[in-house]
Amino acid sequence: MEKVNLLRNIPSVDRILKNEKIKALITEYSYSQVRESVRKVLDRLRLKLLNEKFSVIDEESIVEEIKRQISKRYSLKPVINATGVVIHTNLGRAILPEEAIRHMVEIAQSYSNLEYDLEKGKRGKRYTHIVEAVKRIVNVESAIVVNNNAAAVFLTLNTLAHGKEVIVSRGELVEIGGSFRIPDVMAQSGAILKEVGTTNKTRLSDYENAITENTALLMKVHRSNFKIIGFTEEVSIRRLCELGKNKGIPVMVDLGSGCFIDLKKYGFYEEPSVQEVINEGPDIVTFSGDKLLGGTQAGFIIGKSMFVEKISKNPLMRALRVDKLTLSALEATLMLYLDEKEAIEKIPTLRMILEPPEKIRKRAVRIMKMLKNKGIEANLKEDLSMPGGGSLPEAGVKTYVVAIKTAQPEELAKRLRYTQPPVIGRIKDDSFVLDARTIQEREIPLLGKALEQVFFSSEY
């Protein structure tokens with residue numbers, strides 16, 4: 001009988017919709033969204049009551065739960081990346097520069113000259129915008145962009161080598177992420193893979209001896225996500241290009257991660273810049289837009305006009321092309337590379353990878369003090385973080401972390417995944433670790449609230 005009375009005391013949908021706080025939500029969200037959230041919360045309330053999970057009905061608590069419910073209306077949401085992995089594939093890879101975001105918004109809310117030549121007053125080409133931006137950074141004849149680097153490799157091979165052989169070193173048959181492998185991409189493109197050399201050693205003579213009348217391309221794949229060390233030998237891009245030129249066979253280089261600044265001066269010796277690779281003489285170079293470049297997801301195809309033009313006319317180009325928002329974000333990001341100092345300051349990926357440890361330490365100290373002021377025990381520690389995204393393998397860089405010692409680090413990690421916004425960290429030595437390298441300044445107050453919410457909830 002008591003349970004029946006409690007069920008009767010659950011407020012109706014109409015009554016909740018008249019609550020002043022709920023009426024305020026209707027000004028921010030649509031009436032139908034708010035009403036749906038109200039119904040879901042009240043339905044859950046009835047179910048909990050029937051299962052005897054509680055015995056008190058509080059309208060104010062119901063309203064707060066409705067507010068939390070409606071804030072979760074989108075599946076894709078921002079998270080705080082406290083893992084220290086800068087190019088985190090699972091967390092959306094690169095954070096876009098403010099300039100790219102502004103340009104995207106500007107283009108999104110207006111019509112644009114996407115495929116319209118303002119000077120001639122007639123139809124234009126959408127890739128004109130990118131070609132001009134790339135040319136200002138790299139000495140290259142032409143460029144196009146598709147939706148990711150796997151698509152760039154696929155389209156290039158399909159255009160230039162369908163039904164013909166492509167010679168690749170065995171040591172460069174990489175897996176590029178998500179279980180997609182270069183041999184698989186090549187097979188789907190219609191090109192015929194011809195492996196030469198061994199895993200650890202490939203010589204110029206291996207390529208030369210493998211060339212036949214059916215050879216369409218010599219291909220070099222940069223091992224951006226792993227290293228081979230010890231008893232090794234490989235052919236440089238320049239020497240491969242010399243062979244290609246002598247034999248009349250084009251050379252393609254898949255860089256994987258593309259970067260427009262020389263990272264060697266910052267201690268990353270294994271990652272060549274796009275400019276450096278182009279100067280070696282290949283006909284086509286492909287690379288990603290959302291890794292070291294720090295832009296949105298895209299695959300660049302740059303090189304000699306005769307090949308780029310042929311690739312751009314492939315019927316598959318329409319299926320793999322990018323939209324106006326991607327182009328606008330890439331154009332704005334590329335413009336930042338006109339000044340290296342500005343690029344490092346304004347492109348979040350570069351800023352985080354190259355940020356001096358002293359600055360990271362200051363941010364970590366600020367986080368630690370904030371948590372201690374909230375009554376959460378936390379300690380500062382020195383650690384290593386990784387660039388991630390299949391870039392700069394073994395390039396662990398010094399960082400500072402805030403370690404929260406807890407008897408149940410896995411439980412803490414789980415609960416933080418349900419805060420608003422979710423917080424994703426890492427577990428090390430029985431501690432939940434927050435790496436300050438990838439925590440943005442604007443996120444620190446939100447991080448504090450999330451941890452406070454978890455630590456001082458009645459259920460923790």
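The legends below describe close-up views of a predicted model. Local features are given where pLDDT is at least 70 and side-chain atom pairs only at pLDDT 80 or more, whereas totals for chains, interfaces and linings use all residues. Residues are numbered from 1 along each chain as its sequence is written, and side-chain values use heavy atoms, with hydrogens and water left out.

View A. Helix H15 covers residues 324-336, where helices (H or I, at least four residues) and strands (E, at least two) are DSSP runs numbered from the N terminus. The expected span of a helix is 1.5 Å times one less than its number of residues, so the 13 residues of H15 should span 18 Å, in agreement with the 19 Å between its end C-alpha atoms. Its buried residues are Thr326, Leu327, Ser328, Ala329, Leu330, Ala332, Thr333, Leu334 and Leu336; buried means under 20% relative accessible area, exposed over 50%, and partly exposed in between (1.4 Å probe, protein chains only). These buried residues pack against helices H6 (98-108), H7 (128-135) and H16 (340-346) and against strands S4 (142-146) and S10 (299-303), with contact meaning heavy atoms within 4.5 Å.

**View B. Aromatic rings around phenylalanine 260.** Rings of Phe, Tyr and Trp (its six-membered ring) pair if their centres lie within 6.5 Å, and planes under 30 degrees apart count as stacked, over 60 as edge-to-face and the rest as tilted. By this rule there are three aromatic pairs. Phenylalanine 260 and phenylalanine 287 form an edge-to-face pair, 5.8 Å centre to centre and with 90° between the planes. This pair links distant parts of the chain, 27 residues apart, with phenylalanine 260 in the loop between strand S8 (251-257) and helix H12 (274-278) and phenylalanine 287 in strand S9 (residues 284-288). Phenylalanine 260 and tyrosine 337 have ring centres 5.4 Å apart and planes at 75°, so this pair is edge-to-face; tyrosine 337 lies in the loop between H15 and H16, 77 residues from phenylalanine 260. At 4% relative accessibility phenylalanine 260 counts as buried, and tyrosine 337 is buried with a relative accessible area of 7%. Ring pairs link Phe260, Phe287, Phe300 and Tyr337 into a cluster.

**View D. Strand S15 and its neighbours.** Five of the five residues of S15 are buried, so this strand is largely enclosed by the rest of the structure; Ser431, Val433 and Asp435 point one way, and Phe432 and Leu434 the other. Five bridges join S15 (residues 431-435) to the antiparallel strand S12 (residues 397-405), and alanine 403 stands opposite valine 433. Serine 431 is the bridge partner of lysine 405 and of lysine 428. S14 and S15 form a hairpin with two residues between them, and aspartate 429 in the turn has a positive phi of about 50°.

Conventions:
Pairing = 2+ DSSP bridges.
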